[in-house]
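Here's a protein model to look around in.

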Amino acid sequence: MSNKLDNIDFYMVTDSSLSKNGIISDVENALRAGCKIVQYREKYKSTREMIKEAKHLKQICDGRATFLINDRVDIALAVDADGVHIGKEDMPFETVKTLLGKDKIIGQTVHNLEEAFEAVKLGVDYIGLAPIFKTDTKKDAHKPCGIKMIKKIRKEVNLPIVAVGGIDKENIKEVIEAGADSAVSIKAVLGSDDIYSEITDFIRIIKGCKSR
């Protein structure tokens with residue numbers, strides 16, 4: 001991982017539509033389990049609500065985990081988040097970089113080797129490779145790119161790879177062994193009655209794979 005993203009194993013993404021106990025509780029449990037990176041992803045609330053919630057999450061994460069905002073550069077600026085995660089259809093990287101400044105983290109979603117090369121040229125801090133497996137968490141998800149794509153990108157790209165899409169405790173091992181540095185599991189985690197234990201398990205498996 002790059003210096004900005006050292007020692008990251010499980011990558012937490014919030015989703016208020018799937019949360020059972022509210023995202024504040026979800027994030028608190030994730031941090032308690034040892035999660036070192038949190039992305040605030042919200043599609044259904046007003047900007048005012050998002051700023052209030054993101055500000056609260058930033059305070060919870062402060063000094064404990066890297067706090068990123070999905071898509072919304074304005075929210076990231078408003079709460080002084082550690083950075084943003086963008087997709088190819090979002091604000092262009094150059095504009096995001098200009099607005100946020102050089103010290104903030106910018107991650108970008110890619111789906112194949114060509115897009116990974118583009119992300120490297122732009123100067124992103126990490127790539128989110130998605131979807132690895134079939135997922136219904138995201139309505140506009142691309143076709144699964146599979147484990148082979150992780151291996152292909154790992155051989156060619158030196159950036160941290162965060163694997164996203166359809167990941168659970170049954171397949172996380174092959175994802176990390178293929179070369180991903182970190183992984184997101186939204187449905188498996190937020191659908192659990194015990195988020196703390198779920199993330200603890202994920203981190204234990206990921207660390208186990210990396211220590212070999």
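Start with a group of four: Lys-169, Glu-198, Asp-201 and Arg-204 are tied together in a network of salt bridges. By salt bridge we mean a side-chain nitrogen of Lys or Arg within 4 Å of a carboxyl oxygen of Asp or Glu. Before going further, keep in mind that this is a predicted model, where local features need pLDDT of at least 70, side-chain atom pairs count only at pLDDT 80 or more, and totals for chains, interfaces and linings use all residues. Residues are numbered from 1 along each chain as its sequence is written, and side-chain values use heavy atoms, with hydrogens and water left out.

One of its links is the salt bridge between Lys-169 and Asp-201, at 2.9 Å from N to O. This pair connects distant parts of the chain, 32 residues apart: Lys-169 sits in the loop between strand S7 (161-163) and helix H7 (172-177), while Asp-201 belongs to helix H9 (residues 195-210). Helices (H or I, at least four residues) and strands (E, at least two) are DSSP runs here, numbered from the N terminus. Asp-201 also makes a salt bridge with Arg-204, with the closest N and O atoms 3.6 Å apart. Because these two are three residues apart in helix H9, about one helical turn separates Asp-201 from Arg-204.

How open are these residues to the outside? The scale is relative accessible area: buried is under 20%, exposed is over 50%, and partly exposed is in between (1.4 Å probe, protein chains only). Lys-169 counts as partly exposed at 31%, and so does Asp-201 at 23%. Arg-204, at 53%, is exposed.

Lys-173 pairs with Glu-177, their closest N and O atoms being 3.3 Å apart. Both residues lie in helix H7, four residues apart, or about one turn of the helix. Lys-173 is partly exposed at 36%, as is Glu-177 at 44%. Over the whole structure, a search finds 17 salt bridges.

What about disulfides, meaning pairs of cysteine sulfur atoms within 2.5 Å? The structure has zero of them. For Cys-145, the nearest cysteine sulfur is that of Cys-209, 18 Å away. For Cys-209, the nearest cysteine sulfur is that of Cys-35, 17 Å away. Cys-145 is buried, with a relative accessible area of 17%, and Cys-209 is buried at 11%.

Now for some details of the backbone. Where is there a cis peptide bond? One joins Ala-130 and Pro-131, with omega at about -20 degrees. Pro-131 lies in the loop between strand S6 (126-129) and helix H6 (146-156).

Two aspartates have a positive phi without being glycine. Asp-71 has phi near 70 degrees, and its place is the loop between strand S3 (66-70) and helix H3 (73-79). Asp-80 has phi of about 55 degrees, and is found in the loop between H3 and strand S4 (83-86). As for accessibility, Asp-71 is partly exposed at 22%, and Asp-80 is partly exposed at 46%.

One last stop: Lys-148 lies in helix H6, and is exposed, with a relative accessible area of 71%.

Notes:
Disulfide = S-S within 2.5 Å.
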